[in-house]
Amino acid sequence: MFSGKSEELIRRLRRAEIAGQRVLIVKPGIDNRYDISHVVSHSGVKMRAIGLGGAADIVRFAEGYDVVGIDEVQFFDEDVISVCLDLADRGVRVIAAGLDTDFRADPFGPMPGLLARAEFVDKLQAVCHRCGGAATRTQRLVDGAPAPFTGDTIQVGALDAYEARCRRC
Ligand code: ZN
């Protein structure tokens, strides 16, 4: 978190647009209906995206596009792996951005399968909120204190916060 994933995704997709390619951006939606929203980076850069209920919907919407960007890919179900592979096999350039680990530092959802199959992987680092070092972890805070290890991975509507942390912190 806070490593600039969305900003990097937007940067690459904008370059593809400038090159005249047809670019689609999708992200997990709030519910099963699709909606028009945006991919927004922490610095405020944004790009229009379609929120989708499940990975299977990506195939339907990707028809006719040269490049498909997927933001917050860790929240999609495992099917997103075969969807990405199918699109890539058809010649579509797939750029997926997501958190590799959850707040426990365990692999997040479909990320291991995606990381293993991708041609190129870039791991971005944030800045540790505590010491200023290179952060590779996400610390969940509930009421300002570290969340229990046993907490749910995704707490919808919970009043929690996240901070970037290095291994040591
Ligand atoms: Zn630190």
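Glu 8 is found in helix H1, which covers residues 5-18; helices (H or I, at least four residues) and strands (E, at least two) are DSSP runs, numbered from the N terminus. The model is a predicted one, in which local features need pLDDT of at least 70 and side-chain atom pairs count only at pLDDT 80 or more, whereas totals for chains, interfaces and linings use all residues. Residues are numbered from 1 along each chain as its sequence is written, and side-chain values use heavy atoms, with hydrogens and water left out.

Glu 8 has a relative accessible area of 18% and is therefore buried, since buried means under 20% relative accessible area, exposed over 50%, and partly exposed in between (1.4 Å probe, protein chains only). The side chain of Glu 8 makes a polar contact with the side chain of Arg 12 at 2.6 Å; a polar contact is a pair of N or O atoms within 3.5 Å, where, within protein, one must be able to donate a hydrogen and the other to accept it, and residues adjacent in sequence count only if both atoms are side-chain atoms. Helix H1 is also the place of Ile 18, which counts as exposed because its relative accessibility is 73%. The C-alpha atoms of Ile 18 and Ala 49, 31 residues apart along the chain, are separated by 17 Å.

The nonpolar interior can be described next. A nonpolar core is a set of buried Ala, Val, Leu, Ile, Met, Phe, Trp, Tyr and Cys residues joined through side-chain atoms within 4.5 Å. In the largest such core, which has 22 residues, Ile 58, Val 68, Ile 70 and Val 80 touch the most other members. Two or more residues are given to this core by each of strand E1 (23-28), strand E3 (46-52), helix H2 (56-62), strand E4 (67-70), helix H3 (79-89) and helix H4 (111-117), and the largest share, five residues, comes from H3. Apart from this core lies another, of 12 residues, among them Ile 10, Ile 25, Met 47 and Ala 97. Not counting residues up to four places away in sequence, Val 68 touches Leu 24, Ile 58, Ala 62, Leu 87, Val 92, Arg 93, Val 94 and Ile 95, where contact means heavy atoms within 4.5 Å.

Two loops deserve a separate look. Glu 72, in the loop between E4 and H3, has a positive phi of about 50° although it is not a glycine, and Glu 72 counts as partly exposed because its relative accessibility is 30%. The loop between strand E5 (93-96) and H4 holds Arg 104 and also Ala 105. Ala 105 is not a glycine, yet has a positive phi of about 70°, and with a relative accessible area of 31% Ala 105 is partly exposed. Arg 104, by contrast, is buried because its relative accessible area is 19%. The side chain of Arg 104 reaches the backbone oxygen of Phe 149 at 2.5 Å, and, with residues up to four places away in sequence left out, Arg 104 touches Phe 149, Thr 150, Gly 151, Asp 152 and Thr 153.

Which residues are the protein donors of the zinc ion? They are Cys 128, Cys 131, Cys 166 and Cys 169, each through SG, lying 2.3 to 2.4 Å from the ion; donors are N, O and S atoms within 2.8 Å of the metal (3.2 Å for Na, K and Ca), and sites may look incomplete, as water is not among the atoms. The site is tetrahedral, with angles of 101 to 119° among its four donor atoms, the criterion for four donors being that all angles lie between 85 and 135 degrees. In sequence the donor residues are spaced C-x2-C-x34-C-x2-C. Cys 128, in the loop between strand E6 (126-127) and strand E7 (134-135), and Cys 169, in the segment after strand E10 (160-165), are 41 residues apart, and the pair links distant parts of the chain. Cys 128 counts as buried because its relative accessibility is 4%, whereas Cys 169 is partly exposed at 30% and Cys 131 is partly exposed at 49%.

His 129 lies in the loop between E6 and E7 and counts as partly exposed, at 45% relative accessibility. Not counting residues up to four places away in sequence, His 129 touches Phe 2, Glu 163 and Ala 164.

Key. Four donors count as tetrahedral if all angles lie between 85 and 135 degrees; four count as square planar and six as octahedral if opposite donors are over 155 degrees apart and all others between 65 and 115; anything else is irregular.
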